Amino acid sequence: MRAALRVEWLKLRRSRVTLVATILMGLLLPALGLGFYNVAINGGVGALADKAAAFLVGEGWVGYLGLVDQIAAVAVFLGAGVVVAWVFGREHVDRTFASLFALTVPRATIALAKFMVLSVWIVVLAVVIGGVAVFFGVVGGVGPLHAAVVGGATTRLMIIAVSSGLLALTMGYAASVGRGYLPAIAAMSVIIASAQVAVLFGTGGWFPFAVPGLIAVAGAEGAPDLSPAQIGLVPIVALASIWVTTRWWAKTEVV
Amino acid sequence: MTLPLATEDVRRRFGTEKAVDGVDVGVAAGEIHAVVGLNGAGKTTLMRLLLGMLRPDAGRATVLGHDSHRAPPQTWSRVGHLIETPFAYPELTVRENVAAAALLHGHDRRHDSGVDRVIDGFELGHWADRRASTLSSGNRQRLGLASALVHDPSVVVLDEPANSLDPAGVVFVRDLLTDFADRGVAVFVSSHHLDQLARVAHRITVMHRGRVVGTLDPDGVDLEQRFFDLVHRYDLEMGTRS
């Protein structure tokens, strides 16, 4: 396992896809949240201001980070999903998949190593998003920095980012079975549309891919309550996708 | 005696296409066994069967005495292979690629000096710290060969190893194969260019339409003509010549 981890970590560290995704999500999500917050709080006129105000769940840090929460719930799933799809689909697209056969390190171990380094990256990404969000909030003058309030809201943001990132691990299976990135991109589109429909029909709590978005609006007026069982579906789905993907890698052939 | 590489009546279909249709081949230690054939003859599929990349529909493919598709991981520490696309991650340097291949073949950091030795041996020293994405296709092929052979295997399977190489590279590969065989390594190699390999092979098997249709004497004359005679005779016998 150590050999596979070292190789996969090196590949992830050196990839431009990971670097671009980390920078974009780390900077863009808090920046967008701050932009929307300022538009909403300053009572601007127009569709954007109305929309931003509708999503505001409070004032000050709670309102600002609440907006970042809602953006992160979808954006991290998409951004991390692209990275996961690339990590699992690249050898198929590059036609180097055969190189991963007939090795001392079994393919299932390589797949598991890919998931492990991606999980570490997702946690690092969540910390970066949380840290940058606090920094932007301070620089943008969102409000007084009460440790308990900001700490609680930032922790929630990082939990949402990690949850969305863990759900994006399912794209490893889509990219493996589809033998490339594009099937995973298609799967992400279908999942996001399905999550919207599930929320509209009031069953979003039981659709794991809608859970991060519902955590983001939890406590807001009209938002559904989430049970621990519903939240627990997120790690279960992530673990299940790791299991089926590693099984696929163990059994598959070069075609 | 168990041969390092062997197939017994091995068969594999893709849909209705018989990619490999009842093939028996073997490679002894210290032997260079070349398989030649036209595109689509079944050479690559045969090699994939020997390396456990495909499961046979019938028959057996074995490596070091184990059925290839369920050989234990340690078996592969003695096998080196390059099938079609070289092991060359574009974002990694030449040295990092070879070191990664060594790790996946069961070698640890203590062999870092061995990685440099292999890089020098494959005449890649000048590019050692450059990313693989910047290499020419010929040097990428050299990198693929270095990655395939960094762990000093006793069984080698190479599919078209001279692809993309310049004349000097082709000579390099021929010398490499000869050196391996001299050291007792079993070498199974494919090519669709007879001249590239005939000079060093101990045995040449001709594949066509998934079957072994004959053998060529590596020391014989006019190999190309004899190759086409075998292929055309098979097509005439089967009534498949187009």
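Four bridges join strand β3 (residues 32-36) of chain B to strand β9 of chain B, and the two run parallel. Strands here are DSSP runs of E of at least two residues, helices are runs of H or I of at least four, and both are numbered from the N terminus. Two strands count as paired if DSSP finds at least two bridges between them. This is a predicted model: local features need pLDDT of at least 70, side-chain atom pairs count only at pLDDT 80 or more, and totals for chains, interfaces and linings use all residues. Residues are numbered from 1 along each chain as its sequence is written, while chains are lettered from A and ligands numbered from 1 in the order in which they are written.

Stay with β9(B) for a moment. His33(B) stands opposite Arg203(B) in β9(B). The strand covers residues 203-208, and five of its six residues are buried. A buried residue has 20 or more other C-beta atoms within 10 Å of its own; an exposed one has 12 or fewer, a partly exposed one falls in between, and the C-beta atoms are placed from the backbone. β9(B) also pairs with strand β10 (residues 211-216) of chain B, this time in the antiparallel sense, over five bridges. Ile204(B) stands opposite Leu216(B) in β10(B). Two residues lie between β9(B) and β10(B), which form a hairpin. In that turn, Arg209(B) has a positive phi of about 50°.

Now turn to chain A. It has 10 helices and zero strands. The C-alpha atoms of chain A fill a box of roughly 65 × 40 × 30 Å, taken along the principal axes. A compact globule of 255 residues would have a radius of gyration near 18 Å; chain A has 19 Å, which agrees. That radius is taken over C-alpha atoms, and the globule rule is 2.2 Å times the number of residues to the power 0.38. Buried residues make up 47% of the 255 residues in chain A. Two residues are in contact if their C-beta atoms, placed from the backbone, lie within 7 Å. Among contacts in chain A between residues at least 6 apart in sequence, 77% join residues at least 24 apart.

Helix α2 (residues 16-41) has 26 residues, which at 1.5 Å a residue should span 38 Å; its end C-alpha atoms are 37 Å apart, which agrees. The expected span is 1.5 Å times one less than the number of residues. Its buried residues include Thr18(A), Met25(A), Pro30(A) and Tyr37(A). The buried residues of α2(A) pack against α1 (2-14), α3 (47-55), α4 and α5 (107-139) of chain A. Just after α2(A), Gly43(A) takes a positive phi of about 65°.

Helix α4 (residues 60-93) of chain A has 34 residues and should span 50 Å; its end C-alpha atoms are 47 Å apart, which agrees. A kink of about 40° is centred on Val87(A) in α4(A). The bend at a residue is the angle between axes fitted to the seven residues ending there and the seven starting there. In α4(A), 28 of the 34 residues are buried, so the helix is largely enclosed by the rest of the structure. Arg95(A) follows α4(A), with a positive phi near 60°.

Finally, the two chains meet. 25 residues of chain B are in contact with 20 residues of chain A. On the side of chain B that touches chain A, β6 (79-82) and α2 (94-104) of chain B are the elements that give two or more residues. α2(B) gives the most, with four residues.
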